[in-house]
Amino acid sequence: MIRLNEILDKVRGYSPDADLEVIKQAYVFSAMVHQGQVRLSGEPYLSHPLMVAFLLADLNMDVASVATGLLHDTVEDTLTTLDTIEETFGKEITLLVDGVTKISQMSFSTQEERQAENFRKMIIAMTKDIRIILIKLTDRLHNMRTIQFLKSEKREIIAQETLDIYAPLANRLGIGWMKDELEDLTFLVLKPEIYRELLKQVESKRDELKKYSREVMKIIEKELDKNNIKALLQNRIKHLYGIHNKMVVQKISFKEVFDIVAFRVIVKSIKDCYGALGIVHSLWKPVPGRFKDFIAMPKPNMYQSLHTTVIGPKGERIEIQIRTEKMHMISEKGIAAHWRYKESKGKIKQKDQESYDWLKRLYEWQQDVEDPREFIKTVKIDLFPEEVYVFTPKGDVKAFPVGATPIDFAYSVHTDIGNTCSGAKVNGKIVPLKYRLQNGDTVDIVTSKKQKPSKDWLRLVATPKAKQKIKHWFITEQRERSISLGRDILEKEFKKNGINFQKKQKSRHMNEAIEKLKAKNLNDLFSKVGSSKVLVTDVLEIFIPKEEIKDTIDIEAEKLKEVDKRKKLKKTSGVLVRGVDDIMVRYAKCCNPLPGDRIIGFISRGKGLTVHDINCSNLLDFSPERLLEVEWDTGFDEGVYTSKIMVSCENKKGVLGTIATTISEEDANITEVSVNVENDKAMCEFILEIKNLNHLKKVIKSVEKNKDIISVDRIN
């Protein structure tokens, strides 16, 4: 267990004038309130806050951050209140503690929603003070290091969340070593058999790799000395998750991964960086397209370095990074190396703040998105590490994820520019809106007042901001259309029943209708009628007796009537539809929804209800007026559903049979299989009969355990 003196010595090492009494006081307080508590490992609970504080000191964080590391669980896991923290340690530390405290007092319908809300709170807090996310990351890192003591199901939930959110966040903040360790720890939890097999393969080559590394470094060092360039040379074997990910993406075996070792050259100046690069390229032939200059164009997290891949000794590909000592410190400490606190309030230098505009974007998005799960999805997109850098006509640099288009660029300038984007010039030439931006492009947007967003744009854009603004435009447009349609429908039906619609709009009965049908105002009532959420009969019944209403309502629309009580469909469907008790149900073949997926229904004349996955891209082409709220009948367990999986594996004798046997042992039936073989790899598509989403996950997990399997993915 880490001792307090180790933390104090580390802080004293990088900040001789630090007020260590605050850290000592936080230690005593934490030890007192956590007294008697133990972790699942059997260690005293205090071992956890001590390690979090030590990791923060390792990042050279300020006294308030280190003290918060010791206090971060006191409000959540003890009887301590934020008021007590403020009385004892002041407002600054209280803000930090509150920022990393989970929302344990709030009630959410699902575990997924709880995690999403916790993350939303962290995003809101860290826009006020970036130290919060650094404390949260160190907390998560130590929890992942000791995750083996949790139950397997909880381990997998925490590991997946770490892989989806926290590892990319560490990368965004420039803390590469933390990202690598988090990824490897999650890899071990989520795919233990594949992890151990890959570790075994790497260990078998370790001595060979060490010998080869010494040889390469000796050659580089000799040439640098000849040119009077002083440098520190390092090498490392890439982390296991990175190797595995490369194997999956490129569909290659471990034997085909050549650049397992990465080399680093640390020099004194930027001039020496480029000098060292020239020397490396004179020694070995560079691989085309593999050179990246992050010195001239730093990453958004302020990372700077030269990256090149060359064909080294024995024809092996080797990756080399060249940077200065200051750049190396930033690559190790990330944002913590840049942060400067003024008056102990966590304020940021303006140039550093401008480099972290993405934090502001996250804050803005969380305000626009009501569903926390949708927010998580948005954040995941923004955390993708691969980016391209393009220029505005004025020469300013903008960063976008790989795959971004001129539409993304337009929305990054202004929402109105995006909504009216009719074309673009890239490097002076007209390009289609589907053009994928490339590094170094100069982009100029062409607008037109007649232009409006298209649903196809949602398939073209890559940035969360663009997606959100396009969706918002359609929501607004659809609402306006629904209001107009609802008003026309009501006016028509009122006239048929001998009621003056214009006079009744401001009547007591209309106010009663608005209140009874749970509309916010008259326009909201029109919108509900126009989108079939409320029927005309619901409104008319408030004005005239039900038996006197002329039967002019479409029978099929009547089935969409909203009622408070949910009724079951026929027992063969397994789906509940609000207000419907007899309708034909089928499942969309485009997305093959399974019980456990979030779903929505689409109703069409003569074909009944088609159930789609809520994320099915085909929904973009459907009229929103005919979409219907549905859910799985949890009491129904007799259904059999179709699902597809793609298995990438080694092309070896007996592998296909083994996969088929594994699927059968998990009580799933194979109805169809197709195999495509390239070199020594096989891509096998299986169409299965599955009970539900959990059943499919169990099948996938069992198939993944085979050592010859590269990846298993659901297709929908």
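Biologist: What is the relative accessible area of Lys652?

Modeller: A quick note before the number: this is a predicted model, where local features need pLDDT of at least 70, side-chain atom pairs count only at pLDDT 80 or more, and totals for chains, interfaces and linings use all residues. Residues are numbered from 1 along each chain as its sequence is written, and side-chain values use heavy atoms, with hydrogens and water left out. Buried means under 20% relative accessible area, exposed over 50%, and partly exposed in between (1.4 Å probe, protein chains only). Lys652 counts as partly exposed because its relative accessible area is 46%.

Biologist: Which residue forms a salt bridge with Asp708?

Modeller: We look for a side-chain nitrogen of Lys or Arg within 4 Å of a carboxyl oxygen of Asp or Glu, which is what a salt bridge is. Asp708 is itself buried, because its relative accessible area is 12%. With closest N and O atoms 3.2 Å apart, the salt-bridge partner of Asp708 is Lys652.

Biologist: How many residues apart in the chain are Asp708 and Lys652?

Modeller: Asp708 sits in the loop between helix 30 and strand 22 (709-715). Lys652 sits in the loop between strand 19 (641-650) and helix 29 (655-665). Helices (H or I, at least four residues) and strands (E, at least two) are DSSP runs, numbered from the N terminus. The pair links distant parts of the chain, and the separation is 56 residues.

Biologist: Which element gives the most to the nonpolar patch?

Modeller: Patches are made of residues with over 30% relative accessible area and no salt bridge: like charges are joined within 9 Å, nonpolar side chains (Val, Leu, Ile, Met, Phe, Trp, Tyr) within 5 Å. Here Leu656, Val673, Val675 and Val677 form a nonpolar surface patch with about 300 Å² of accessible area together, by the Shrake-Rupley method with a 1.4 Å probe, where for residues only the protein chains shown count as cover. With three residues, the element that gives the most is strand 20.

Biologist: Which residue in strand 21 stands opposite Val675?

Modeller: Val675 is placed in strand 20, and Val675 is partly exposed because its relative accessibility is 43%. Two strands pair if DSSP finds at least two bridges between them, and nine bridges join strand 20 to strand 21 in an antiparallel run. Opposite Val675 stands Cys684.

Biologist: How many of the residues of strand 21 are buried?

Modeller: Strand 21 also pairs with strand 19, in the antiparallel sense over ten bridges. In that pairing, Lys644 has Ile687 as its bridge partner. Strand 21 (residues 681-690) is largely enclosed by the rest of the structure, because the buried residues number seven of the ten.

Biologist: Which residue just after helix 16 takes a positive phi?

Modeller: In helix 16 (residues 325-333), the buried residues include Met327, His328 and Ile330. Their cover includes helix 3 (47-58), strand 1 (231-237) and strand 6 (317-324). Just after helix 16, a positive phi of about 65 degrees is taken by Gly334.

Biologist: What is the angle between the planes of Tyr587 and Trp632?

Modeller: Rings of Phe, Tyr and Trp (its six-membered ring) pair if their centres lie within 6.5 Å; planes under 30 degrees apart count as stacked, over 60 as edge-to-face and the rest as tilted. A search of the whole structure finds twelve aromatic pairs. Tyr587 and Trp632 are stacked, 5.9 Å centre to centre, and the angle between their planes is 15 degrees.

How values were computed:
Contact means heavy atoms within 4.5 Å.
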